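Here is a walk through one protein model, strand by strand and side chain by side chain. Have the structure open as you read.

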Amino acid sequence: MKHLLAVAALVLAATPLAAAEPIEGRWVTAEKDAIVQISDCGRSICGRIAKFLVTPPQGADQRDVKNRDAAKRSRKLLGMAILTGFTEDEDSWRGEIYDPNNGKTYRSVVRRRGPDRLEVKGCIGPFCQTQVWQRAR
């Protein structure tokens with residue numbers, strides 16, 4: 001019996017816990033309108049708009065005009081963090097995603113789906129919408 005318990009303990013010790021795959025890198029949004037650079041931002045991971053693939057209505061200098069906070073409406077979208085506060089949570093990353101198209105922030109879960117695919121989920125309460133972003137080439 002002691003031998004069986006020792007073997008079981010070794011097997012459990014050798015089995016890694018489920019860890020989230022890294023999400024850092026450059027990703028093309030599902031709409032294919034921008035590239036988001038995801039990287040370390042101190043104590044968390046964040047994602048900033050690195051490049052527009054489709055020029056916004058007010059050009060490359062587009063401002064955050066739909067933000068609910070009037071004080072933030074003059075900030076540029078290019079370089080702005082739209083993924084913030086992401087921390088590892090078992091096999092995924094949790095934080096918030098900001099949608100500059102409507103000025104709203106959502107609870108978000110992000111996880112890798114292979115080397116070139118990133119599942120990005122934005123949620124309000126129990127309702128979520130999922131997109132798949134592709135690695136930028």
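Which residues does D64 touch, not counting residues up to four places away in sequence? Let's start there.

## D64 in its loop

D64 touches K72, R73, R75, L77, M80, Y98 and P100, once residues up to four places away in sequence are left out; contact here means heavy atoms within 4.5 Å. You'll find D64 in the loop between β3 and β4. D64 counts as buried because its relative accessibility is 0%. The cut-offs are under 20% relative accessible area for buried, over 50% for exposed and partly exposed in between, using a 1.4 Å probe and protein chains only.

The D64 side chain also has a polar contact of 2.7 Å with the side chain of N67. A polar contact is a pair of N or O atoms within 3.5 Å; within protein, one must be able to donate a hydrogen and the other to accept it, and residues adjacent in sequence count only if both atoms are side-chain atoms.

## What you're looking at

This is a predicted model, where local features need pLDDT of at least 70 and side-chain atom pairs count only at pLDDT 80 or more, while totals for chains, interfaces and linings use all residues. Residues are numbered from 1 along each chain as its sequence is written, and side-chain values use heavy atoms, with hydrogens and water left out.

## How the strands pair

Strands (E, at least two residues) and helices (H or I, at least four) are DSSP runs, numbered from the N terminus, and two strands pair if DSSP finds at least two bridges between them. β2 runs antiparallel to β3, with seven bridges joining them, and S39 stands opposite C46 in β3. Four residues separate these strands in their hairpin, where G42 takes a positive phi near 85°.

Next along, β3 (residues 45-52) and β4 (residues 81-89) are antiparallel and joined by three bridges. R48 has A81 in β4 as its bridge partner, and I45 has F86 in β4. β4 then pairs with β5 (residues 92-99), again in the antiparallel sense, over five bridges, with E88 opposite W93 in β5. The β4 and β5 hairpin has two residues between its strands, and E90 in the turn has a positive phi of about 60°.

## The nonpolar core

A nonpolar core is a set of buried Ala, Val, Leu, Ile, Met, Phe, Trp, Tyr and Cys residues joined through side-chain atoms within 4.5 Å. The largest one has 22 residues, and I38, I82, L83, L118 and W133 touch the most other members. At least two residues of this core come from each of β2 (34-40), β3, β4, β5, β6 (104-112) and β7 (117-124).

Zoom in on I82: beyond its neighbours within four places in sequence, its contacts are V36, G47, I49, E96, I97, Y98, P100 and W133.

T84 sits in strand β4 and is partly exposed, because its relative accessible area is 31%. Setting aside neighbours within four places in sequence, T84 contacts I45, C46, G95 and E96. Its C-alpha atom is 8.2 Å from that of Y98, 14 residues apart along the chain.

As for Y98, R75 lies over the face of its ring, 5.6 Å from the ring centre. To count, NZ of Lys or CZ of Arg must be within 6 Å of the ring centre and within 35 degrees of the ring normal.

Over in strand β6 is R111. Is R111 buried or exposed? It's buried, because its relative accessible area is 13%. Leaving out neighbours within four places in sequence, R111 contacts D91, S92, L118, E119 and K121.
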